[in-house]
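Reader: Here is a model I would like to go through with you. Can we take it in short questions and answers?

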Amino acid sequence: MATTKAPAPPAGSRRWAALPFIGLAQLMIVLDGTVVNIALPSLQTDLRISDGDRQWIITAYTLAFGSLLLLGGRIADYTGRRRAFLIALIGFAGASALGGAAADFEMLLTARALQGAFGALLGPSALSLLAVTFTGPKDRAKAFGIWGAISAAGGAIGLLAGGALTDYLDWRWCLYINIPIAVIAAVGGFAMLTESRHAGPARFDFLGVLPVTGGLVAIVYATGRAGSDGWGSAKVIGLLAAGAVLLAAFALIESRVAQPLLPLRVIADRTRGGAYLAVGLAVIGMFGAFLFLTYYMQVVKGYSPVRTGAAFLPMATAVLLSAGGLTTRLLPRLAPRALIVPGMLVSSAGMLWMLTLEPGTHYAPGVLVAQLLLGFGAGMIMPVALDYATHGVGQGDSGIASATVNTAQQIGGSIGIALLNTIATAATADHLAAHASQGPSPAIAKQALVEGFAAAGAWSAGILVVGALIVAVLMNTPRPEQQTAPAHRTTPEDGSVPADTTAPGNRISPDAGAPDLPPGAPARSA
């Protein structure tokens, strides 16, 4: 049986010194998903990109990212998470430089796809490094609280940075900004992080790579086309069906091969499965808020890119206060669903608040309230879900578990944008058709946009409420104080850990066969 090469954990001060560099990598990944959004109009004009092609500047990134994450997680497990982290940072910086220097649409599209590919290696390696670096309950809760705040607030920070860079410099700096971030994270990671990997020869499930990659590409591509072709088009339905068949084939393959790309034990556990669903459904329900609020402020209210970015700061602040001030303290004391479920309900209230928006609604009683509710809810969901996404897995599977939750984020975001944008567009078109007899009017056009945003907000709220119900039923994990680690445990032959036997921060590495503690140290209790 393969074992995990697990060096003694770094000293406390060194662990906390490494956290900012891991966090920088995560910030860069999340920021890159939104920083380009506000720059799209300038970018499109500069490179003469058609309206039909401009969406692929965003989709090329999410397509490569979402479809390659599982492979990236397994590469990190076998080749070394620190090594994968550093290689991915260098590659991401190089792809960003290529995109910033792009002379045409094809060159920029290639750069965005490369960013997504290196991001698919960077995301799981960074999260798995966090999981194996912080093992004590209190330290782990604090570290994941910071991580969750970065993940949830990064999108809003990207919008702010995108507006400022576009207004004061040039859209190309929305890509160049990744270079110094990646360099700082790589230098710090090289100095502070220790290596860990799944020992033994690297065995990659290439038979499983093709169907899972093809299936995710088909689904993401279909959702990207749905906005223009419609969900009922033969192309979209065919791609979704093909994606479902390929993913079913992948599940069958993984149940039969000796060294699966995604061991089914990773997702079959109720705790981890609930965490993945919580992330995916939360992102589906909330990710569209950035798009709709951006268009509301710029098109309906006439805000500049910089003012729009600044207007998102309260959401980022709410996330930081919720994740860092509340969730971090409650995470070691409460069952995960006691935080995730209320967080989803608070976020759903934020999406419902979009129904109150009108073209003349002032910022404070309108956008601000919606943002505060969304941000506070996100701060309760993300740190908990990201923490429990690696619940009970050994270090040998931490990379693939981390990749799975990142996949849930990326695929959820792609599906959410496509679904909600289709709903909003249809509602806008219906309003315009109903008032066609009045002739073209800027006031009617703005009201039509607002009607579309309201319809999408109502659907988003419904998705979040359904997600809260699913998590409440499925994720029955008790609070950490009620979870006890057995004094003597055996290692299953499949390398798995029985569900709900180790508390977050007190997880036992099944491959190593012992808690991740310094030699001679007493076992931690929850």
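Reader: Which hand does the crossing of α13 and α19 have?
Author: This is a predicted model, where local features need pLDDT of at least 70, side-chain atom pairs count only at pLDDT 80 or more, and totals for chains, interfaces and linings use all residues. Residues are numbered from 1 along each chain as its sequence is written, and side-chain values use heavy atoms, without hydrogens and water. A crossing is left-handed if the near helix is turned anticlockwise from the far one by less than a right angle, and right-handed if clockwise. The way α13 passes α19 is left-handed.

Reader: How do the directions of α13 and α19 relate?
Author: α13 spans residues 288-300 and α19 spans residues 442-474; helices are DSSP runs (H or I, at least four residues), numbered from the N terminus. They pack at about 165°, with axes 11 Å apart. Axes are lines fitted to C-alpha atoms over the stretch in contact, and angles run from 0 to 180 degrees between N-to-C directions. Angles over 145 degrees count as roughly antiparallel, so α13 and α19 are roughly antiparallel.

Reader: What residues of α19 meet α13, and how many in the contact are charged?
Author: Contact means heavy atoms within 4.5 Å. From α13 come Phe292, Tyr295, Tyr296, Val299 and Val300; from α19 come Lys446, Leu449, Val450, Phe453 and Ala456.

Reader: How do α4 and α5 run relative to each other?
Author: α4 covers residues 81-100 and α5 covers residues 105-133. Their axes come within 8 Å and cross at roughly 160°. The crossing is left-handed. The pair is therefore roughly antiparallel.

Reader: Which kind of aromatic pair do tyrosine 61 and phenylalanine 65 form?
Author: Both lie in α3 (residues 56-79), 4 residues apart, about one turn of the helix. Rings of Phe, Tyr and Trp (its six-membered ring) pair if their centres lie within 6.5 Å; planes under 30 degrees apart count as stacked, over 60 as edge-to-face and the rest as tilted. Here the centres are 5.7 Å apart and the planes at 85°, so the pair is edge-to-face.

Reader: Over which residues does pLDDT stay under 50?
Author: pLDDT is the predictor's confidence in each residue, from 0 to 100. The protein averages 77. Where pLDDT is low, the predicted coordinates should not be read in detail. It stays under 50 over residues 1-9 and over residues 484-526.

Terms used:
Helix = DSSP H or I, 4+ residues; strand = E, 2+ residues; numbered from the N terminus. Parallel < 35°, antiparallel > 145°, perpendicular 65-115°, else oblique.
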